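Colleague: I've got this one open on my screen and I'd like to learn how to read its helix packing. Can you walk me through it?

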Amino acid sequence: MTKARMPRMSFPLVLASSLVLARVPALAQVPAAGAARLPDTVCRTPGKAVDETGYVTIGGIEQWVRIKGSSCSNPIVLMVHGGPGNPTTPWADAVYQAWEKDFTLVQWDQRGAGMTWRRNPLGDDVPLRVEQLRDDGLEVARYAARRFGKRQLILMGGSWSSVLGVHMAKAGPGLFCGFLTSSQVVGPLPAQDSLDATLALARAAGDQDSIAKITALGPLPWTDPRAPGIFRRVIRKYERLRTEPVPKAWTVNAPAYATPEYDADYTAGEDYSWLQFVGLKGDGIASKIDLYQLGPAFAMPIYMVQGQEDLLTMPAPSKRYFDFIRAPRKDYVLVPRAGHDPNPPMVDVQYRLLTQHFSGCR
């Protein structure tokens, strides 16, 4: 969700979608527009592994899609990335590879991010709209359902994509057998309770540098687009002191994404998306978030995972929103030694919830 990265990193209708090239040995070579398309259904043999990357026509543009799992008949998890502008595709193998024996993992680089940015760079005057990203996500879900002969998928999001995921769940309830969300954003960011809690920790530690940085930002709402990034770096400093560290392997991009060309594309997309999120005068997407306006009713089970030490999307606001929503089933799991970003305790809880509640999603 934020400019600070974790690591380069913080879910049916038949579509006329086309996947351009299935296997890409090095992302420095972008697939050609005339490359072979994948068949409509890849899951013809239960137990067949799937490992694909390429472009799919989504929302009228080519968007980057990653599909991986040990059996194409397994339930599908549509992993919606955070940021906006921070795809999971470069580091997902290191974090989620163990999940592939039970689930097929589908990811896509949202418009304005990563490999989708590479094909479709956007000017700062082109707005990034939640409704458009929502519709893109639903189209990716329909594409994946058609490809693998599924009626429904599992929707998964966190941080920025906890917002996008709620919009997707509301707009396409029949597509998903449930929504697994974490680090739930509820309203405008940053919030006063987050500011107060972080400043209290800095004062208790006698951390004059952090105190000075936060107080120099002035009262909310901030109008300097650099302010949220400054504040987020202080948050990360204090979350690191109170959470289980991330394994070093999680912080390294997969070799196919470890190229200067990809790094430049990632950075350009992240910069564009970040500016769209915060706005030039604090008037971007982040200032307008209000999930309560979408109403309490969900047509699917909701499982909310919350880091106990999260200083950006704190436990109390997420729990109030959880209590507000109505769903066929719901559960709220507070994870000790976890903060805002994925770390081993949070990922372990997410996997447990997936296997306990969604192994029959078809």
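Colleague: How many helices and strands are there in the protein chain?

Modeller: The protein chain has 10 helices and nine strands. Keep in mind that this is a predicted model.

Colleague: Okay. What share of the residues counts as buried?

Modeller: Of the 362 residues in the protein chain, 59% count as buried. As for the surface, the chain exposes about 14200 Å², and carbon and sulfur atoms supply 55% of that.

Colleague: Now the helices. How is a packed pair described?

Modeller: You give two things for a packed pair: the angle between the axes and the distance between them.

Colleague: Which residues make the contact of α3 and α4?

Modeller: On the α3 side you'll find Val130, Leu133, Arg134, Gly137 and Leu138, and α4 brings Trp160, Leu164, His167, Met168 and Ala171. Sorted by class, the contact of α3 with α4 has seven nonpolar, two polar and one charged residues.

Colleague: And what is the angle between α5 and α6?

Modeller: About 150° for α5 and α6, with the axes 8 Å apart. Anything over 145 degrees counts as roughly antiparallel, so that's what α5 is to α6. Their crossing is left-handed. In the contact, Leu195, Thr198, Leu199, Ala202 and Arg203 of α5 meet Ser210, Ile211, Ile214 and Thr215 of α6. That contact divides into five nonpolar, three polar and one charged.

Colleague: How does α6 pass α7, in a left-handed or a right-handed crossing?

Modeller: Left-handed, for α6 passing α7. The axes of α6 (residues 208-216) and α7 (residues 227-242) come within 9 Å and cross at roughly 150°. From α6, the contact uses Ser210, Lys213 and Ile214; from α7, Ile230, Phe231, Val234, Lys237 and Tyr238. By class, you get five nonpolar, one polar and two charged residues in the contact of α6 with α7.

Colleague: Last one: which residues of α9 are buried?

Modeller: In α9, residues 315-324, look for Pro315, Pro317, Ser318, Tyr321 and Phe322. The buried residues of α9 pack against helices α4 (160-171) and α5 (192-204), as well as strands β8 (302-307) and β9 (330-335).

Technical notes: Residues are numbered from 1 along each chain as its sequence is written. This is a predicted model: local features need pLDDT of at least 70, side-chain atom pairs count only at pLDDT 80 or more; totals for chains, interfaces and linings use all residues. Side-chain values use heavy atoms; hydrogens and water are left out. Axes are lines fitted to C-alpha atoms, for helices over the stretch in contact, and angles run from 0 to 180 degrees between N-to-C directions. Helices (H or I, at least four residues) and strands (E, at least two) are DSSP runs, numbered from the N terminus. A crossing is left-handed if the near helix is turned anticlockwise from the far one by less than a right angle, and right-handed if clockwise. Contact means heavy atoms within 4.5 Å. Ala, Val, Leu, Ile, Met, Phe, Trp, Tyr, Cys and Pro count as nonpolar, Asp, Glu, Lys and Arg as charged, and the others, Gly among them, as polar. Buried means under 20% relative accessible area, exposed over 50%, partly exposed in between (1.4 Å probe, protein chains only). Accessible areas come from the Shrake-Rupley method with a 1.4 Å probe; for residues, only the protein chains shown count as cover. Angles under 35 degrees count as roughly parallel, over 145 as roughly antiparallel, 65 to 115 as roughly perpendicular and the rest as oblique.
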